[in-house]
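Colleague: I have not looked at this one before. Can you put it up and take me through it?

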Amino acid sequence: MSKSLKFLSMAGLVSVAMAAQAGEVEVLHWWTSGGEAKAAAELKKIMQSKGHTWKDFAVAGGAGDNAMTVLKSRVVSGNPPAAAQIKGPSIQEWGDEGVLANLNDVAKAEQWDTVLPKVVADVMKYKGNYVAAPVNVHRVNWLWVNPEVLKKAGAKVPTNWNEFFDTAEKLQKAGVVPLAHGGQAWQDATVFEAVALGLGGTDFYKKAFVQLDQATLKSPKMEEVLTTYKKLKKYVDKNSPGRDWNLATAMVIQGKAGMQIMGDWAKGEFLAANKVPGKDFVCTPAPGTSNAFTFNIDSFAMFKLSGDSAKAQKDLAAAIMSPQFQEVFNLNKGSIPARLNMDMAKFDDCGKQSSKDFVATSKSGGLLPSWAHGMAMYSATQGAIQDAISQFWNTDSMTAKQAVDKIAAAAKVR
């Protein structure tokens with residue numbers, strides 16, 4: 001079995017095993033938090049309406065090694081689950097195993113090529129065939145702002161990096177932490193990604209982090225990006241190392257910090273604290289990235305089954321992509337539907353803005369996979385680049401030129 005068996009998303013796992021009769025759908029999933037549990041219940045309801053019986057199945061130990069072991073053993077023994085939450089290039093790695101199901105008939109009947117942006121549809125395909133269904137789209141390049149804190153400091157919401165540093169200086173003078181940040185490798189990468197996109201633009205981003213072009217990775221522009229990125233450290237508090245992302249979000253909510261660069265899962269923290277978008281907090285594209293959209297998509301790859309089980313599996317794929325499920329799931333998750341033709345009336349202002357930008361960038365070429373969140377490169381490459389960026393962030397003596405060389409070398413790791 002190749003290394004692909006190691007790359008199951010740790011964010012969650014859904015596997016579905018079917019009984020001999022078209023009917024019983026046994027689902028292994030990790031949607032246990034309030035909003036996610038509601039979403040799972042909605043999917044169960046849709047499947048029951050198609051005549052299938054839903055049965056939950058859990059693996060002890062959470063979505064960790066035990067779940068990985070179960071999935072691996074099921075696939076190796078020739079008894080694969082119907083679906084598992086796998087995203088980005090990891091779908092291709094599972095495709096290389098020859099174990100993924102062809103969903104082209106469902107996709108054609110449901111017009112997936114029409115309702116999904118091409119860049120998203122391509123992620124769901126293996127060698128031109130649909131093998132996975134997207135559940136949602138998270139926008140990563142958001143800047144979250146406490147407008148009251150900025151107002152008191154006489155600062156404005158920044159739209160580019162020069163304005164960001166002006167705002168940060170004013171916040172610092174007012175005794176507020178300018179940038180709430182959690183010093184963990186993936187958070188360091190999330191911020192770096194926003195700086196690279198804001199300064200370099202979409203073409204630079206694609207060449208560097210999707211194509212892994214060595215000339216771009218070693219370019220003067222990359223050195224400028226790294227230099228700017230390191231300047232942010234002055235505006236982060238000393239307790240940042242190891243801090244979880246939601247605790248950084250809490251700093252903005254409580255007015256202890258002015259801004260945070262984080263994906264739209266941060267919105268759930270504001271809403272849970274009864275904060276209102278546009279009033280108590282502002283969601284705006286990260287500086288310089290208003291014409292771009294970096295996405296992180298959760299999706300379910302489907303494994304090869306036969307007979308009635310395959311029919312139930314195809315119903316599951318159709319249900320996941322249905323407007324009904326896409327709406328309910330994303331209202332609960334804080335993300336937006338992967339479909340382009342959705343009615344966003346029930347979504348909050350941040351969700352509506354995200355959807356509007358998602359549609360616009362899907363036409364302009366500004367819709368980009370977030371490499372920091374596993375959407376653009378294989379896991380080993382992503383991990384190596386993240387490590388190089390974190391090392392640069394945490395090592396005061398390392399120059400931007402040295403970091404450029406480390407990142408370029410990391411891009412060759414497979």
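Modeller: Start with the second largest pocket, which has a volume of about 400 Å³. This is a predicted model, where local features need pLDDT of at least 70 and side-chain atom pairs count only at pLDDT 80 or more, while totals for chains, interfaces and linings use all residues. Residues are numbered from 1 along each chain as its sequence is written, and side-chain values use heavy atoms, with hydrogens and water left out.

Colleague: What counts as a pocket, and what is a volume here?

Modeller: On a 1 Å grid over the protein atoms alone, a pocket is an open set of points where a 1.4 Å probe fits, with protein on both sides within 12 Å along at least five of seven lines; lining residues have an atom within 4 Å of a point. Grid points are joined across faces, edges and corners, and the volume is the space filled by probe spheres set on the points.

Colleague: Which residues lie nearest the centre of the second largest pocket?

Modeller: Val-119, Asp-122, Val-123, Val-210 and Pro-369, out of 20 lining residues. By class, the lining has 11 nonpolar, six polar and three charged residues. Nonpolar means Ala, Val, Leu, Ile, Met, Phe, Trp, Tyr, Cys and Pro; charged means Asp, Glu, Lys and Arg; the others, Gly among them, are polar.

Colleague: Which helix gives the most to that lining?

Modeller: Helix 6, with four residues. Helix 3 (89–96), helix 6 (118–123), helix 9 (185–210), helix 16 and strand 15 (367–369) each supply at least two. Helices (H or I, at least four residues) and strands (E, at least two) are DSSP runs, numbered from the N terminus.

Colleague: Where does helix 16 lie?

Modeller: Helix 16 (residues 349–364) lies across strand 9 and strand 12, at about 160° to strand 9. Axes are lines fitted to C-alpha atoms, for helices over the stretch in contact (heavy atoms within 4.5 Å). Angles run from 0 to 180 degrees between N-to-C directions.

Colleague: What sheet are those strands in, and in what order?

Modeller: An open sheet of four strands, ordered 10-11-9-12, with mixed pairing. Two strands pair if DSSP finds at least two bridges between them. At the edges are strand 10 (177–179) and strand 12 (282–285), each pairing on one side only. Strand 9 (residues 142–145) and strand 12 run antiparallel, joined by four bridges. Trp-142 stands opposite Pro-285 there.

Colleague: New topic. How many salt bridges are there?

Modeller: The structure holds 15 (a side-chain nitrogen of Lys or Arg within 4 Å of a carboxyl oxygen of Asp or Glu). One of them joins Lys-125 and Asp-113, at 3.2 Å from N to O. Lys-125 lies in strand 5 (residues 125–126) and Asp-113 in helix 5 (residues 112–115), so the pair ties together parts 12 residues apart in sequence.
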